[in-house]
Every structure is written in C-alpha cells, then in structure tokens.
Amino acid sequence: MENLATLVASFQELTIGNVIMWIIGGLMIFLAIKKEMEPSLLLPMGFGAILVNMPLSGAITQITNGVTEVGFLDALFEAGIANELFPLLLFIGIGAMIDFTPLLTNPKLMIFGAAAQFGIFFTLLMALLFGFEMKDAASVAIIGAADGPTSIFVANVLESKYLGAIIVAAYSYMALVPIIQPPVIKLITTKKERLIRMDYAQRPVSKTTKILFPIIITIVACLAAPRAAGLVGTLMFGNLIRECGVLNSLSETAQKSLANLITLLLGITVATKMQADQFLQGETLLILALGLVAFVFDTVGGVMIAKLINVFSKKKINPMIGAAGISAFPMSARVINKMGLQEDNQNFLLMHAVAVNVSGQIASVIAGGLILGLFG
C-alpha cells in the first residue's frame with residue numbers, strides 16, 4: 001500500500017514541465033550518442049535532466065513532513081560547483097592537453113585570440129538592453145568565451161540565477177561550432193581571401209621556453225586580472241605538468257582520467273539547475289539566443305581583425321584563422337583547416353588555426369577574470 005501511495009503521489013506531482021525536460025534530456029542524449037556532439041558532457045547532462053525532473057526525485061533535496069533529505073546531486077553541486085572546484089580541476093586537465101608550440105612559433109597570432117572575445121562584451125550590452133540585471137548580463141555574456149568551465153566559474157561566482165541555461169548554451173554552442181562558424185565566415189570573407197595561403201616555418205622552440213611560458217603567462221595575466229588567478233593558474237599549471245618532462249605519468253592522468261572524470265561529474269551535477277520550474281522560463285530562450293549572438297560576434301571579431309591587418313600588411317593572412325580565436329579547442333581549429341582545404345586542397349591552415357585557438361583559450365580565461373573584476 002505504501003508503494004502504491006508513493007506511485008500515486010508521484011503522478012500527482014508530475015507536470016507538463018517535467019515531461020518537456022525529459023524530452024530535452026532525451027534530445028541531449030540523442031545528440032551525444034547519434035551525432036557524437038560533446039558526448040562526455042551532453043550525455044550526463046541529458047540523463048541528469050531526466051533524473052532531477054522525476055516527481056519527488058531523491059536525486060535532489062526534498063522536504064517531507066518537515067524532514068530535509070539532501071539529494072546526492074545537490075550534495076555534489078555544493079562540493080564541486082558551488083565552490084568552483086570542478087571547473088578548476090577540469091582546467092588542469094585542459095592545460096595538460098594543450099601544446100603551445102604553434103603559438104610560440106608565431107606569437108603575433110595571439111592578437112586574434114583577444115579579438116575573438118569581442119562577442120563577450122557585445123553580448124553584455126545586448127543582455128543589459130533586454131533587461132537582465134548586471135551580474136546576470138555578465139554571466140550570460142561569458143558564454144562568448146566559448147569555454148564551458150569559464151562560463152560555469154563566472155556564472156557561479158556572480159551567483160546568476162540562470163546558471164543552468166548558461167551552461168546548456170555554452171556547451172551546446174561549443175558542440176555546434178562546425179555548424180555555426182562556416183556560414184558566418186563565408187558571409188564576411190571573399191573567395192579570394194579564403195584562398196590565401198600561409199607559409200608555416202616551424203622554428204624550434206626550446207624546452208626552457210615551453211616551461212617558462214605558463215609561468216610568465218600566469219604572472220602577467222594575474223597582474224592584469226587578479227580575479228582570473230584561479231582560471232589562469234590551473235590552466236597553466238596543467239600545461240607546466242605537461243612540459244616539465246618529469247611528470248609524464250601525472251600529465252597523462254590529468255589529460256585522460258582527471259579530465260574525463262570531472263567532465264562526467266560536472267555534466268550530471270549541473271543538471272540540478274535544469275529543474276523544470278527553474279529552466280522553463282522565457283529568459284532561457286533569450287539566453288540561448290544571446291549565446292548564439294556571442295558566438296557569431298566572436299567569429300566576426302577575429303575575422304575582421306585579420307582583414308584589417310591585411311590592409312596594412314604585405315604578407316597576407318588568411319582571415320579565416322581569426323575565427324579560431326574562440327576558446328572551443330580544438331574544434332574551431334579543425335573547422336578552419338577543413339574550410340581551407342575545401343577551397344584549395346593544398347591550403348593547410350591547421351597549425352596557424354591551432355596557434356590562434358590556444359591563444360583564444362588564454363584570452364577567454366583572462367576575459368572571465370576581467371568580467372569578475374568589473375562585476376564581481
């Protein structure tokens with residue numbers, strides 16, 4: 001009888017919002033499995049969205065007869081996201097994955113990483129115009145960093161009430177980079193520009209340079225944006241583990257085991273912010289739209305700076321590489337290389353695009369720190 005009463009109570013608590021969230025969760029799982037779009041994140045997020053939207057779900061905190069029963073996902077949220085632990089640990093793994101050699105070979109390409117953050121500040125103004133409060137507007141704008149951990153970190157520190165929608169938008173658009181960027185790039189470039197070939201002279205980069213680079217970047221970035229210390233510090237620490245040459249087993253662990261485990265935990269934990277009553281609001285659709293605006297204008301900013309440089313430079317730059325300045329590493333670099341080969345099957349832009357892409361990773365965390373410094 002008790003089980004029957006529980007079943008009846010569950011159906012009584014079921015809402016159309018719960019069903020909609022089940023469908024959204026199912027769509028995420030479909031995209032992760034069938035389309036292989038960010039499967040390590042979309043799959044746990046999708047399953048988590050279904051889990052937290054079950055009536056009287058024990059996965060989230062419930063109050064029954066005055067007794068509070070803490071759900072395991074809420075406990076994970078407090079332990080790993082509320083204190084920013086998961087995003088920072090993930091950054092150690094990301095840092096260990098990144099090879100800065102292409103950037104160190106051609107440091108001037110860092111300008112495109114900075115230019116591609118234009119979408120953040122444009123979207124901030126748009127969000128304010130649509131009536132978002134300053135901290136929420138800043139949190140929405142950071143979707144333009146094209147960096148999931150940075151979006152989570154900034155939105156959580158600023159205590160945005162739209163954390164779930166921001167995370168979904170950030171990771172969804174990262175997965176959709178191969179769909180979003182090509183038409184935007186083609187719209188603002190000519191075929192002649194897309195056919196520009198760029199020589200890649202591989203200069204040797206010493207081990208000392210590779211070791212000093214993350215240390216120097218940390219010092220400079222933290223002086224410029226102190227609130228970025230956690231983001232930049234963990235990213236560069238991961239890279240230092242990679243390049244030092246004496247911690248190879250730890251580097252491999254950070255790149256694989258640590259990054260994968262934290263990504264899975266992060267995905268299912270953020271689902272606590274995808275409960276129907278919080279997620280299914282008009283603001284959620286607006287945030288998704290603004291996130292798309294941020295990605296588009298990031299792409300435009302990088303490409304237009306390259307076009308501007310070409311006006312004054314004798315040695316032309318293929319403006320498509322400017323679009324790789326977003327932090328979606330290494331997806332954006334691959335997209336640019338593929339577009340170059342489609343225009344000319346001998347036009348290899350991968351190393352240039354990778355250099356811009358890793359500079360975008362650095363620029364995005366600095367931009368996140370600036371946002372926190374201004375509005376935190």
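This short talk covers the nonpolar core, a surface patch and the salt bridges of the structure above.

The model is predicted, so local features need pLDDT of at least 70 and side-chain atom pairs count only at pLDDT 80 or more, while totals for chains, interfaces and linings use all residues. Residues are numbered from 1 along each chain as its sequence is written, and side-chain values use heavy atoms, with hydrogens and water left out.

I start with the core. By nonpolar core I mean a set of buried Ala, Val, Leu, Ile, Met, Phe, Trp, Tyr and Cys residues joined through side-chain atoms within 4.5 Å. Buried is under 20% relative accessible area, exposed is over 50%, and partly exposed is in between, with a 1.4 Å probe and protein chains only. The largest core has 97 residues, and Phe100, Ile287, Ile321 and Ile336 touch the most other members. Helix H20, residues 350–375, supplies the largest share of this core, 11 residues. Helices here are DSSP runs of H or I, at least four residues, numbered from the N terminus.

What does isoleucine 287 touch, leaving out residues up to four places away in sequence? Its contacts (heavy atoms within 4.5 Å) are Phe132, Val140, Ile143, Tyr162, Ala165, Ile166 and Ala169.

Now the surface. Leu212, Ile215, Ile216, Ile219, Val220 and Leu223 make up a nonpolar patch with about 570 Å² of accessible area together. For a patch, residues need over 30% relative accessible area and no salt bridge, and nonpolar side chains (Val, Leu, Ile, Met, Phe, Trp, Tyr) are joined within 5 Å. Areas are Shrake-Rupley values with a 1.4 Å probe. Leucine 223 sits in helix H14, residues 207–224, and is exposed at 69% relative accessible area.

Last, the salt bridges. The rule is a side-chain nitrogen of Lys or Arg within 4 Å of a carboxyl oxygen of Asp or Glu, and the count is 7.

Aspartate 136 pairs with lysine 161, with the closest N and O atoms 3.0 Å apart. Aspartate 136 is in helix H9 and lysine 161 in the loop between helix H10 and helix H11, so the bridge ties together parts 25 residues apart in sequence. Aspartate 136 is buried at 5% relative accessibility, whereas lysine 161 is exposed at 55%.

Aspartate 344 bridges to arginine 197 at 2.8 Å between the closest N and O atoms. That pair links distant parts of the chain, 147 residues apart. Finally, Lys191, Arg194 and Glu343 are linked in a network of salt bridges.

Key. Helix = DSSP H or I, 4+ residues; strand = E, 2+ residues; numbered from the N terminus. Patch = residues over 30% accessible without salt bridge, like charges linked within 9 Å, V, L, I, M, F, W, Y side chains within 5 Å.
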